[in-house]
Amino acid sequence: MQTKTRSIAALVVTALALAACAPMAMFASSSGSGYAGKRSDWGTFVSSREVNALCISPKLRFLIWEFEGHFGKKVIMNSGYRDGQHNSAAGGADNSYHTKCMAADFYIPGVDKRQLIAFAMQTGSVGGLGCYPGKSFIHVDVRDRPRGYNRPVTFSGC
């Protein structure tokens with residue numbers, strides 16, 4: 001009986017999370033010159049044909065929706081899932097969260113990267129945050145934060 005109650009509670013929590021994130025993300029705009037020529041891959045705009053937006057964990061999908069809902073615009077993903085060969089060619093770490101469907105590099109046209117970083121720092125679902133000098137995109141992943149961390153694990157210039 002306890003297992004059934006827990007299952008029902010988990011479904012209710014999931015439904016509430018979807019109800020909170022998805023509607024705002026659904027109304028996020030993808031109009032303007034920043035989206036010209038970009039294609040959508042499984043509901044996510046991607047910067048090139050090499051970007052794989054199919055393999056996105058549910059937790060990462062919710063995080064992307066949080067960004068889209070907050071800023072009112074769709075993200076454009078520069079990097080999503082990478083197989084081992086692609087990850088190595090991109091200079092990714094051996095244990096990269098990109099190889100686990102748990103990371104995305106993205107930007108939002110018309111939104112300053114500093115605004116994306118500030119939002120990521122206060123968003124509880126961001127486990128890791130990478131900020132690359134001279135690049136317009138950020139890296140987010142949904143790793144579990146180390147015990148006692150009240151902000152994301154940061155690297156690469158954040």
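**Reading a predicted fold**

Q: What is leucine 129 in contact with, leaving aside its neighbours within four places in sequence?
A: Leucine 129 touches Ile117, Ala120, Met121, Ile138, His139, Val140, Pro152, Val153, Thr154, Phe155 and Cys158. Contact means heavy atoms within 4.5 Å.

Q: What kind of model is this, and how are residues numbered?
A: The model is predicted: local features need pLDDT of at least 70, side-chain atom pairs count only at pLDDT 80 or more, and totals for chains, interfaces and linings use all residues. Residues are numbered from 1 along each chain as its sequence is written, and side-chain values use heavy atoms, with hydrogens and water left out.

Q: Why does tryptophan 42 count as exposed?
A: Its relative accessibility is 59%. Exposed means over 50%, buried under 20% and partly exposed in between (relative accessible area, 1.4 Å probe, protein chains only). Tryptophan 42 is therefore exposed.

Q: Why does cysteine 101 count as buried?
A: At 11% relative accessibility, cysteine 101 falls within the buried class.

Q: Where do tryptophan 42 and cysteine 101 lie?
A: Tryptophan 42 is in the loop between β1 (39-41) and β2. Cysteine 101 is in the loop between α3 (84-89) and β4. Helices (H or I, at least four residues) and strands (E, at least two) are DSSP runs, numbered from the N terminus.

Q: What is the phi of each of these two residues?
A: For tryptophan 42, phi is near 55 degrees, positive in a residue other than glycine. For cysteine 101, also not a glycine, phi is positive, near 65 degrees.

Q: How do you know that the span of helix α2 agrees with its number of residues?
A: The expected span is 1.5 Å times one less than the number of residues. Helix α2 has 14 residues (58-71), so it should span 20 Å; its end C-alpha atoms are 20 Å apart, which agrees.

Q: Which residues of α2 are buried?
A: They are Leu60, Arg61, Leu63, Ile64, Phe67, Glu68, Gly69 and Phe71. Just after α2, glycine 72 has a positive phi of about 70 degrees.

Q: What makes a set of residues a nonpolar core?
A: The set holds buried Ala, Val, Leu, Ile, Met, Phe, Trp, Tyr and Cys residues, joined through side-chain atoms within 4.5 Å. The largest such core has 30 residues, and those with the most contacts inside it are Leu60, Phe67, Met77, Ile108, Leu129, Ile138 and Val140.

Q: Which elements each supply at least two residues of this core?
A: They are β2 (44-46), α2, β3, β4, α4 (113-122), β5 (128-131) and β6. The largest share, five residues, comes from α2.
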